[in-house]
There are 2 protein chains.
Amino acid sequence: MIKNDLFLRALKGETVNRPPVWMMRQAGRYLPEFMAIREKYDFFTRCRTPELASEITVQPIRRYGMDAAILFSDILVIPQAMNIEVQMKPNFGPYLPNPVRTSDDVERVCIPDVTVELDYVYKAIEATKELLNNDIPLIGFAGSPWTILCYCVQGQGSKTFDKAKAFCFTNPIAAHTLLQKITDTTIAYLKEKVKAGCNALQIFDSWGGMLSPTDYQEFSWRYINQIIEALKDDAPVIAFGKGCWFALHTMAQSNASALGIDWTCSARNARYLTGGNMTLQGNFDPARLLSPPMEIKKMVTQMINEFGKDKYIVNLGHGILPNVPLDNAKAFIDAVKEYNA
Amino acid sequence: MIKNDLFLRALKGETVNRPPVWMMRQAGRYLPEFMAIREKYDFFTRCRTPELASEITVQPIRRYGMDAAILFSDILVIPQAMNIEVQMKPNFGPYLPNPVRTSDDVERVCIPDVTVELDYVYKAIEATKELLNNDIPLIGFAGSPWTILCYCVQGQGSKTFDKAKAFCFTNPIAAHTLLQKITDTTIAYLKEKVKAGCNALQIFDSWGGMLSPTDYQEFSWRYINQIIEALKDDAPVIAFGKGCWFALHTMAQSNASALGIDWTCSARNARYLTGGNMTLQGNFDPARLLSPPMEIKKMVTQMINEFGKDKYIVNLGHGILPNVPLDNAKAFIDAVKEYNA
């Protein structure tokens with residue numbers, strides 16, 4: 001049904017001629033065609049207008065021909081749907097004017113009817129599927145409950161998310177109540193995304209690496225695993241925890257179809273920590289896309305050799321940076337397509 | 001000569017009744033007596049006035065009785081001495097108005113006569129030694145050359161230090177010239193610090209964890225190791241790389257007397273990665289000091305049990321947070337002093 005199913009086959013662990021490739025944040029600010037839309041429409045208008053979200057989603061595919069598209073959206077549509085106000089401030093990032101700080105605040109957080117509140121996402125998926133014409137698979141995504149809690153409690157981005165951690169460590173009961181509400185909402189949301197046409201799912205745990213191994217199990221992995229268990233029969237699930245090398249062994253025991261790896265974990269370490277038999281995705285340092293294109297190509301080839309071409313999805317170790325030249329992004333994608341085992 | 005030499009004995013790997021304890025940033029904003037001085041004098045006045053720097057250094061010792069003091073200063077006194085302007089902006093952090101961005105900029109960076117330019121630091125050490133009265137050892141410190149480069153090039157703090165990395169990846173020759181200049185200055189500076197009375201040294205590589213394992217070896221560890229080799233006969237050197245778990249194996253082959261560990265690396269992993277025979281220092285999550293005091297004490301005892309009481313220095317995994325209650329810091333220190341093997 002999907003013409004280029006390289007990505008889905010890698011998720012199943014099948015033997016392939018070359019690994020599939022896509023880039024986290026591939027529909028992003030390094031693309032002039034994205035910037036043109038960004039100048040006209042604010043962030044949430046872009047997310048909520050199916051014509052815009054779908055157009056943005058396919059822009060990088062048209063230019064570079066990645067093996068998978070990922071729906072343009074944001075992890076913070078979830079707290080928004082849960083009746084927590086989220087603003088996207090220019091030159092600042094997400095801002096939540098009424099952060100969750102007490103047990104009462106947690107009580108007031110609602111579990112929404114995601115079929116109603118996030119209707120615009122499924123419409124964007126349908127519009128994207130039409131544009132993609134079954135050429136490649138479409139990935140849907142959500143933030144991990146811990147990462148969503150980080151924003152809900154801190155109220156904005158942070159280097160340490162100290163307020164979010166303080167909340168969990170001083171009021172663990174309220175924290176777990178909030179995490180469960182986010183988890184339940186996320187599960188319902190992702191099920192609808194698959195129904196609308198997503199072929200695979202990715203959970204982004206951007207701030208899992210802020211936690212100690214013990215706290216990670218308690219406040220993050222437990223909930224990610226609930227999501228994986230609930231979705232495993234709907235679509236393949238990729239779990240990506242930035243800085244979560246210490247949990248890879250546990251994550252590899254789960255029903256995730258693949259694990260995302262950041263660039264601080266070498267291919268050898270990643271294969272060792274995950275038992276050598278799991279599909280892995282990553283892990284090019286986004287800042288290394290600032291190297292000259294010829295050097296990028298060499299490093300990508302070496303990366304594929306180190307991970308091995310099978311059970312592997314080429315990607316960055318985090319989102320692409322806005323200042324990456326177009327030719328450098330092209331070198332990254334082309335190096336994978338030109339790969340000869 | 002030093003009455004309580006627990007810290008120095010742990011650095012030598014000797015058997016002790018309990019491990020020594022200190023806290024990174026122990027002379028800091030969580031202390032009301034520190035805040036009183038901070039209200040009257042700006043950052044660099046506090047660093048440059050021996051009476052103030054020494055008073056601030058001993059404040060936490062008076063209150064809690066740690067087993068080591070660490071001189072109040074800043075890693076950015078090095079670029080300042082190298083003729084790069086450094087400002088400390090309130091509510092913003094370090095700001096370098098003329099960042100290093102080109103080969104010409106690197107050429108203009110000078111290697112200073114540290115005996116002249118950083119004279120105020122040695123005077124602060126002498127004043128501190130008098131206040132300490134040989135009760136406990138005094139630690140001197142410096143940033144790693146990579147971490148100093150991060151600020152020199154980026155010009156301010158950053159979540160990704162993308163400009164610093166771009167500089168290294170697009171102009172590696174200039175980057176290595178700058179790193180070598182910083183290294184040479186740091187070695188001369190640390191030798192003077194030992195002459196002035198420091199009993200041990202710590203290298204802070206706060207941003208080493210931003211680099212891939214390969215880039216870390218090239219842009220960070222190579223220079224840290226030069227410093228260790230140059231200082232190993234002057235004083236014991238502790239190397240602390242935040243997020244640098246992936247390099248612990250290499251670091252353990254060096255002549256460092258101890259390695260700092262952050263809280264994402266469990267005691268078991270840290271012992272395994274360093275070969276089980278190295279003195280380790282760390283690794284309590286600073287945000288866990290926001291837990292109730294009784295819980296802190298339990299967690300500290302468990303941490304000591306996991307690292308083992310020998311070849312171990314109790315510390316946080318990064319600097320203490322400004323919002324930690326005094327009783328919680330006390331619980332951390334007391335738990336170590338009350339430890340019974």
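**Aromatic pairs and charges over rings**

Over all chains the count comes to 29 aromatic pairs, where rings of Phe, Tyr and Trp (its six-membered ring) are taken to pair if their centres lie within 6.5 Å, with planes under 30 degrees apart counted as stacked, over 60 as edge-to-face and the rest as tilted. Please keep in mind that this is a predicted model, in which local features need pLDDT of at least 70 and side-chain atom pairs count only at pLDDT 80 or more, while totals for chains, interfaces and linings use all residues. Residues are numbered from 1 along each chain as its sequence is written, chains are lettered from A and ligands numbered from 1 in the order in which they are written, and side-chain values use heavy atoms, leaving out hydrogens and water.

One of the pairs joins A:Phe141 and A:Phe204 edge-to-face, at 5.5 Å centre to centre and with 85° between the planes. A:Phe141 belongs to strand E4 (residues 138–143) of chain A and A:Phe204 to strand E5 (residues 200–205) of chain A, 63 residues apart, strands here being DSSP runs of E with at least two residues, numbered from the N terminus. Both A:Phe141 and A:Phe204 are buried, that is, under 20% relative accessible area with a 1.4 Å probe and protein chains only.

In chain B, B:Phe141 and B:Phe204 also form an edge-to-face pair, at 5.5 Å and 80°. B:Phe141 is in strand E4 and B:Phe204 in strand E5 of chain B, so this pair ties together parts 63 residues apart in sequence.

A:Lys193 lies over the face of A:Phe141, 5.0 Å from the ring centre, the criterion being NZ of Lys or CZ of Arg within 6 Å of that centre and within 35 degrees of the ring normal.

Methods
Helix = DSSP H or I, 4+ residues; strand = E, 2+ residues; numbered from the N terminus. Buried < 20%, exposed > 50% of the residue type's maximum accessible area, 1.4 Å probe, protein only.
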